[in-house]
Structure formats: structure tokens, C-alpha cells
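Here's a quick briefing to keep beside the viewer. Have a look at the model first, then work through the points by topic.

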Amino acid sequence: MKKKLILILSIAFIIFMTALFIFYLIKGDSSRWEVSLGGIFASALPLLLLFSKNIPFPALIIIGYYLFLFCTLFLGSIEEFYGRFKWWDATLHFYKGIYMGAIAISLYKLCVPKQTRDYVSKWILFLFVLSVSVNATAVWEIYEFVGDLTFTRTMQSGGNTDTMYDMIIGIVGGLLVAIYSIVRRKTL
């Protein structure tokens, strides 16, 4: 079922982003066709999971990935929600922190056998979940910085203040999932 979900969502999003790419390329809107082109590649990434014998992520994680792409690429950049709604950027950074924490829990369940999870300290789990989320937040901010240096000048429109707010909000999202992970450790 997960393989079908990945295939359907990937193909649908690739078609959607390809149509936007062609539309904005013909229109001559370089900032939007560049975002659409990036969206084609980003939406194809989960197809790599199809080569795995067992997909380690639950369906909600897969759906959450495409929700994030839709909200950042289409609504945020192409439809300019980042500029129209001041809260849009912060909300997505918060979501990303939570999302990456959920991915960390999936990786924990994949890497630590069920019979040994009771012996793993809850603080190790907490630090692992928080670390994955914090690292994802840092990598995203590096991506925004490099993107502004090479392609656009709009990803970090607030400069250092924007970067710090984004990092704090992303870390708060990850912290909430890390706390959840130690509270629910026995049922993970």
C-alpha cells in the first residue's frame, strides 16, 4: 500500500509541478519556473523508497512530505503566501520541526529492535529525536542562505533575524515531538 501511495503522490505532484514549470517558463516568470523545476525533483525523491524492500515510514509521513512540498513550493513561493501572510513561514518551520521529529521516531523504530527498546534510555531517545529535528532546521537554513546567494534574494528576506526565528520555531516543534517520544516511549 505504501508503494502505491508513494507512486500516486509522486506522479501527481510531478505532473502538477511540470505543468507549472511549462506555464511559467512560457510566461517568462523565472522565479516561479525555477521553483517549479525544483518541485519536480523534490517530488521525485520519495520514488527512491520504492527500491527498498520495506519502507520504514508510515503513510502519514509520506503524505506529510507532499503536504510540506505543496505548502512551501506552491502556496508559499508560487502563490506568494510567504509575502502575503507573515505567519506562513513560521508555521511551516514549526511543522518541519514536528515532521522531522516524527521521521526521527520512525528511524528509531527502524534501527532499534523492538525487544531492546525498553533498555534504551528515554534521554537517548529524546536527544536523538531533538537532534534530527535541530539538524534538519540547520540544514534548511543553510539551504535558504545558499539559495539566496545563488538564485533568489527572497528566502531570507528578514536576514539574520529571520534565520534565528526560523531556527527557534523549528527547534520548538522538534522539542515537542522529543518530549512526546519520552512520554510515549513504551508504546513507540
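Predicted model: local features only at pLDDT ≥ 70, side-chain atom pairs only at ≥ 80, totals over all residues.

Residues are numbered from 1 along each chain as its sequence is written, and side-chain values use heavy atoms, with hydrogens and water left out.

**The second largest pocket**

- Its volume is about 270 Å³, meaning the space filled by probe spheres set on the grid points, which are joined across faces, edges and corners.
- A pocket here is an open set of points on a 1 Å grid over the protein atoms alone, with protein on both sides within 12 Å along at least five of seven lines; a set where a 1.4 Å probe fits but cannot get out is a cavity instead, and lining residues have an atom within 4 Å of a point.
- The second largest pocket has 14 lining residues, and Pro58, Leu60, Ile61, Ala102 and Ser106 lie nearest its centre.
- Helices α3 and α5 (86–111) each supply at least two residues of this lining, and α5 gives the largest share, with seven.

**The chain as a whole**

- The protein chain has seven helices and zero strands, where helices (H or I, at least four residues) and strands (E, at least two) are DSSP runs numbered from the N terminus.
- The radius of gyration is 18 Å, close to the 16 Å that the globule rule gives for 188 residues, so the chain is as compact as a globular protein of that length.
- That radius is taken over C-alpha atoms, and the globule rule is 2.2 Å times the number of residues to the power 0.38.
- The C-alpha trace spans about 60 × 40 × 25 Å along its principal axes.
- Buried residues account for 40% of the 188 in the chain; buried means under 20% relative accessible area, exposed over 50%, and partly exposed in between (1.4 Å probe, protein chains only).
- Of the contacts (heavy atoms within 4.5 Å) between residues at least 6 apart in sequence, 72% join residues at least 24 apart.

**Helix α1 and Phe13**

- Helix α1 (residues 2–27) has 26 residues that should span 38 Å at 1.5 Å a residue, and its end C-alpha atoms are 37 Å apart, which agrees; the expected span is 1.5 Å times one less than the number of residues.
- The buried residues of α1 are Leu5, Ile6, Ser10, Phe13, Met17, Leu20, Phe21 and Tyr24, and they pack against α2 (30–44) and α3.
- Phenylalanine 13 has a relative accessible area of 8%, and beyond its neighbours within four places in sequence it is in contact with Gly39, Ser43, Tyr66, Leu69 and Phe70.
- Just after α1, glycine 28 takes a positive phi of about 85 degrees.

- Helix α3 (residues 59–78) has 20 residues and reaches 27 Å from first C-alpha to last, close to the expected 28 Å.
- In α3, 14 of the 20 residues are buried, so the helix is largely enclosed by the rest of the structure.
- Glutamate 80 sits in the loop between α3 and α4 (81–84) and has a positive phi of about 60 degrees although it is not a glycine.
- At 42% relative accessibility, glutamate 80 counts as partly exposed.

- Histidine 93 is in helix α5 and is buried at 2% relative accessibility.
- Not counting residues up to four places away in sequence, histidine 93 touches Trp140, Glu141, Glu144, Asp166, Ile169 and Gly170.
- Threonine 163 is found in helix α7 and counts as buried at 13% relative accessibility.
- Valine 172 lies in α7 (residues 159–183) and counts as partly exposed at 38% relative accessibility.
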